[in-house]
Amino acid sequence: TIVSAVAAIRSRWKAGSIVGNAENINHFIGEIYFLRAFEYFKKLQSLGDFPIIKTTIPDNNALLTEASKRMPRTEVARFILSDLDSAITLLKVNAPDGKKSRISKAAAQLIKSRVALYEGTWLKYFKGTAFVPNGPEWPGASKDYNAGYQYPSGSIDAEIDFLLGQAMEAAQAVSSSVQL
C-alpha cells in the first residue's frame, strides 16, 4: 500500500541509501507524499473520521486494532495538508523528465487548496451537528481516545479560518506562478 511505501522509502531516503540525482530523488519522494495525501483525501470525502497510519504495522491483531482508531476529520485534513506541504517542498516546478504527465509542485498546491477548502467549508456548514468533532451527538466523543477533543486551532471557528486561509494561500501560489 501507499502507506507502507512511504514509510519504507522515507527511512531509506533519510539513511542516504537511495542513490542518484538528488533533485530527482526528492521529486519522486514528493510524488509519493502527494499520492498518500490524495488517497487520504478520498477517504476523508467518503468516510470523514479515519485512522492516520504513518508506518507499516506488523500483522498483529492488537497492534492493528490500536492503529485503526478513527481520528477526527480535522486531524485527517491536517495530516493530508502536512503531506502536501512535504510534497510541495520536494516537488520540482517541472517534472524531471520534462513530461507533462508527472506530478508537479502546482498540482500539489492545487490539491492542497482543494483539501483545505473542502474541510473548511465542511466545518462551516455542518457546525453544530453530529458530523463535526464536538458537535452534539458526535460519535467520536464516546471514544476514550477522542474524549475531550480540542481543535488544533483552539475552536471550530479558528479551525475554519485556518483551513480557508490555507486554501487561499495555496490557490494564490498557483495563480501567481502560472501564466494564463
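**Notebook: helices, core and pocket**

I began with α6 and asked what covers its buried residues; the cover includes α4 and α5. The model I am reading is predicted.

**α6.** I listed the buried residues of this helix. They are Ile-156, Glu-159, Ile-160, Leu-163, Gly-165, Gln-166, Ala-167, Ala-170 and Val-174. I then checked the length. α6 has 22 residues, and its first and last C-alpha atoms are 32 Å apart, close to the 32 Å expected at 1.5 Å a residue.

**Glu-159.** I stopped at this residue, which lies in helix α6. Is Glu-159 buried or exposed? Its relative accessible area is 0%, under the 20% cut-off, so Glu-159 counts as buried. I looked up what Glu-159 touches. Leaving out residues up to four places away in sequence, the contacts are Thr-74, Arg-78, Leu-123, Tyr-151, Pro-152 and Ser-153.

**α4.** I turned to this helix next. The buried residues of α4 are Arg-73, Thr-74, Val-76, Ala-77, Phe-79, Ile-80, Leu-81, Asp-83, Leu-84, Ala-87, Ile-88 and Leu-90. Asp-85 also lies in α4. I found Asp-85 partly exposed, because its relative accessible area of 34% falls between the 20% and 50% cut-offs. I also checked Asp-85 against Gln-109. They are 24 residues apart in sequence, yet 8.3 Å apart in space, C-alpha to C-alpha.

**Core.** I went to the largest nonpolar core, which has 36 residues. Which members touch the most other members? They are Phe-34, Leu-44, Ile-80, Leu-84, Val-115 and Leu-123. I noted the helices that each supply at least two residues of this core: α2 (22-47), α4 (73-90), α5 (105-126) and α6 (156-177).

I took Leu-84 as one member to follow. Leu-84 touches Phe-34, Ala-37, Ala-108, Ile-111, Lys-112 and Val-115, again not counting residues up to four places away in sequence. Two of these names, Phe-34 and Val-115, I had already written down among the core residues with the most contacts to other members.

I looked up the largest pocket and found a volume of about 250 Å³. Its lining has 18 residues, and the closest to its centre are Leu-47, Asp-49, Arg-70, Trp-138 and Pro-139. Which elements give two or more residues to the lining? They are α2 and α5. α2 gives the most, with four residues. I also sorted the lining by type: nine residues are nonpolar, five polar and four charged.

**Loop between α5 and α6.** I checked phi last. As a general rule, most residues other than glycine have a negative phi. Asn-134 has a positive phi, near 70°, and is not a glycine. Where is Asn-134 found? I placed it in the loop between α5 and α6. Asn-134 is partly exposed, since its relative accessible area of 41% lies between the 20% and 50% cut-offs.

Glu-137 is also in the loop between α5 and α6. Its phi is positive too, at about 65°, although Glu-137 is not a glycine. Its relative accessible area is 76%, over the 50% cut-off, so I logged Glu-137 as exposed.

Key:
Residues numbered from 1 in each chain as written. Predicted model: local features only at pLDDT ≥ 70, side-chain atom pairs only at ≥ 80, totals over all residues. Heavy atoms only, no water. Core = buried A, V, L, I, M, F, W, Y, C linked by side-chain atoms within 4.5 Å. Buried < 20%, exposed > 50% of the residue type's maximum accessible area, 1.4 Å probe, protein only. Contact = heavy atoms within 4.5 Å. 1 Å grid on protein atoms, 1.4 Å probe; cavity = no way out; pocket = protein on both sides within 12 Å on 5 of 7 lines; lining within 4 Å. Points joined across faces, edges and corners; volume = space filled by probe spheres on them. Nonpolar A, V, L, I, M, F, W, Y, C, P; charged D, E, K, R; others polar. Expected span 1.5 Å × (residues − 1).
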